[in-house]
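Look at the fold below as a whole before turning to its parts.

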Amino acid sequence: MIAIIDYQMSNLFSVKNALECLGIDSEITSDVTKIMAAKGAILPGVGAFAEAMKHLKTLDLIQPIKDFINSGKPFMGICLGFHLLFTESEEFGVTRGMDILQGKVESFSRHVKSKKIPHIGWNRILTNNDVIKEDSFISPLKDINSDEYMYFVHSFYVDPDNKDIIATETEYDSFTFCSSVLKGNVFASQFHPEKSGTSGLKILKNYFLSL
Amino acid sequence: MLVVSIIEMSLAYRIIPRLDIKGPNLVKGVHLEGLRVLGKPEYFAKYYYEQGADELFYQDVVASLYGRNSLHEIISKTAKAIFIPLTVGGGIRTIDDIKNALRSGADKVSINTSAIENPDLIKKASNVFGKSTIVVAIEAIKQPDGHYLAFTDNGRNYTGIEVTKWAKNAEELGAGEIVLTSVDREGTGSGFDSELIKRVTEVVSIPVVVHGGAGRLEHLAQIFNNITEISGVSIASILHYDYIKKYKDLDGYESEGNIDFLRSSKSMSHIHSTNLTNIKEYLISKNINCRVVHDN
């Protein structure tokens, strides 16, 4: 069973539907016992960083997420779930994140001057072949072509301190940003695998089907 | 593998089928008021998804007039089978309506009437659900003096509000995107209204998807070449006939009769029906960046 962590920031059912379509058993839950017992976990999310951190604190989910990650089982962060793993975000003033991975969440307005914000739609992910090799799990990016399209919708991007964890990069208005990271058992993406058609489903399948 | 050299801006233009829904059925307006049933929305949706639709729009076309909002079963069925973003609109009036639509499986909601009547809804909804979840739909009708005014209730209700002012206001209140419909062009197949589109894309910094007027492949290439700031197009008439022709017999469609009625009104003769695969291949051949789906 894969735990889809419910911290009241929408976007849960699409993830569940995608896993169901792949024949992967999952449960939407904020119950710590269930999360810790799961074979894999997903932290999805859409919305504001500060609001999300508030919910995570209120629901006492931050330490369980850290514990789950330390257990070595596959963990996937999606969009806001990706942002929250990092040190801090500059959305509406500086807010601390979970600091599980080090880096900052910054606004596109710093670099994107002649295109619309949010960055919405299908954009290419260029895979960093050195990073996507992962020994203990089937890499989520296995068989994903190096210029595959995924679905994005965001106004902020992640700038990881350690560039070695950057698994894919994407370009918007001549600005190249990190579109996913892979570090040990943590894979997190800016794009939405559950909304990226068959390409996105492949990522979920790679990471969770064999568990 | 496609040659990548032509593509500077990697974000692809979005091609979004729009399905008008009444009760359990997909419908299409034939004349100004009449709605014809074409079949089951979830079958069309699956077909479009497989052909490479980038997103889907479901519009409940009667909800606004009668205050109803009964799409949830269709949304649910669709969300279990297609894994691209689904935007739902029509009769969405409150935070609860939005919550319910998202719960059923919608990724975004589109609001028009309720946003104009109560602009604060945009702000509130954007705060609760996230900016990217809230799409403001603007239905524009050109006035004799050259201005475009925003209408509600599928182009029936006069508001007196000028479109560019409203678009700017919607952005300030927290809309994530705008879907701009030319009511004058919708269903006519006579091409998009560039003037309208230019005016709106010039005043907002959020993405704008345009709707109304696509009748042939050339219209799509033209609009992307003319106004590179648009994020995508929403199309309806140009697509639905293709599905019907293909699946007329398999879909148990016989009860609706043949499709000649769809061509009976003068305006329909301007629609050169096609499918998404053709559209995408055509755009690529014109060096317009879009996402093509390959059979896996």
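Of the 211 residues of chain A, 55% are buried, where buried means that 20 or more other C-beta atoms, placed from the backbone, lie within 10 Å of the residue's own. This is a predicted model, in which local features need pLDDT of at least 70, side-chain atom pairs count only at pLDDT 80 or more, and totals for chains, interfaces and linings use all residues. Residues are numbered from 1 along each chain as its sequence is written, while chains are lettered from A and ligands numbered from 1 in the order in which they are written.

Chain A has six helices and 13 strands, which are DSSP runs numbered from the N terminus (helices: H or I, at least four residues; strands: E, at least two). In strand 3 (residues 40–43) of chain A, A:Gly40 and A:Ile42 point one way and A:Ala41 and A:Leu43 the other, and all are buried. Strand 3 of chain A pairs in the parallel sense, over three bridges, with strand 1 (residues 2–5) of chain A and, also over three bridges, with strand 4 (residues 75–78) of chain A; pairing requires at least two DSSP bridges. A:Ile42 stands opposite A:Ile4 and opposite A:Met76.

Between the chains, 29 residues of chain B are in contact with 30 residues of chain A, contact meaning C-beta atoms, placed from the backbone, within 7 Å. Helix 3 (72–81) and helix 4 (95–104) of chain B each supply at least two residues of the side of chain B that touches chain A.

Terms used
Two residues are in contact if their C-beta atoms, placed from the backbone, lie within 7 Å. A residue is buried if 20 or more other C-beta atoms lie within 10 Å of its own, exposed if 12 or fewer, and partly exposed in between; C-beta atoms are placed from the backbone.
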